[in-house]
Amino acid sequence: MKIGIIVAMDKELRQLQQVFKNSDVLVQKCGIGKVNAALGAQRMINEFHPDCIISSGCAGGNGDDINVQDVVVSAELCYHDVYCGKAIDDTTVYGQVQGLPARYQADAYLLQKSKEIALPTDIKIHPGLIVTGDWFVDSKDKMREIIGHFPDAKAVDMESCAIAQTCYINKVPFISFRVISDIPLRDTNASQYHNFWDTIAEHSFQVTKTFVESL
């Protein structure tokens, strides 16, 4: 199986390249945000022709059961900053690009495999909704606004749904693994996020390796 992994930032790229050193897995950086993510996914599809694509990186978490270093796996994905209005089509919901799914579903096989992998006892996997938008959430007010639209969201990031949309259009199986770097509703000024990179990020990305080895 040809597996491609897309990350957004240099710090994620460096850590995952070490995790997959001497491996056939292709790890590439797309850059931050939805446009960069979509362009990176399309380039990987065109040039590498992967059997599946994995989005890996960090995200802000939401929910009483979510903690820093947990991993949220994308059972579903949508945008938190897209609204097409109701002037033309009153069936399109908030977060949906008109004419495309309201929520993108992770590949069923990949999702099932993610639920079966064995992890250290201090790391938990949570299948659920990941919402994506071009906004680094560094305030409780912004997180409350997002969760007001998507109360079931377990993670908020800036790339996953754009990659999901690209993979949907190209019929490439997709799943996202997002390590929780901070909990915006429990934090101020993203201090948890910065501490995450100083302490536990490298250990957390081993989850993606464990998943890939299970395929």
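Visitor: What makes up the lining of the second largest pocket by class?

Guide: The lining of the second largest pocket has 9 nonpolar, 1 polar and 3 charged residues, where Ala, Val, Leu, Ile, Met, Phe, Trp, Tyr, Cys and Pro count as nonpolar, Asp, Glu, Lys and Arg as charged, and the others, Gly among them, as polar. This is a predicted model, in which local features need pLDDT of at least 70 and side-chain atom pairs count only at pLDDT 80 or more, while totals for chains, interfaces and linings use all residues. Residues are numbered from 1 along each chain as its sequence is written, and side-chain values use heavy atoms, with hydrogens and water left out.

Visitor: Which residues of the lining lie nearest the centre of the second largest pocket?

Guide: Of its 13 lining residues, Q105, D107, Y168, V172 and F174 lie nearest the centre; a lining residue has an atom within 4 Å of a point of the pocket, which is an open set on a 1 Å grid over the protein atoms alone, where a 1.4 Å probe fits, with protein on both sides within 12 Å along at least five of seven lines. The largest share of this lining, 3 residues, comes from α5.

Visitor: Why is helix α5 called largely enclosed?

Guide: Buried means under 20% relative accessible area, exposed over 50%, and partly exposed in between, with a 1.4 Å probe and protein chains only. In helix α5 (residues 160–170), 8 of the 11 residues are buried, so the helix is largely enclosed by the rest of the structure. The buried residues of α5 are S160, C161, A162, I163, A164, Q165, T166 and C167.

Visitor: Why does S55 count as buried?

Guide: S55, found in strand β3, has 0% relative accessibility and therefore counts as buried. The side chains of S55 and S160 are joined by a polar contact of 3.5 Å, a term for a pair of N or O atoms within 3.5 Å; within protein, one must be able to donate a hydrogen and the other to accept it, and residues adjacent in sequence count only if both atoms are side-chain atoms.

Visitor: What makes β1 and β3 a pair, and in which sense do they run?

Guide: Two strands pair if DSSP finds at least two bridges between them, and 4 bridges join β1 to strand β3 (residues 52–61), the two running parallel. The bridge partner of I3 in β3 is C52.
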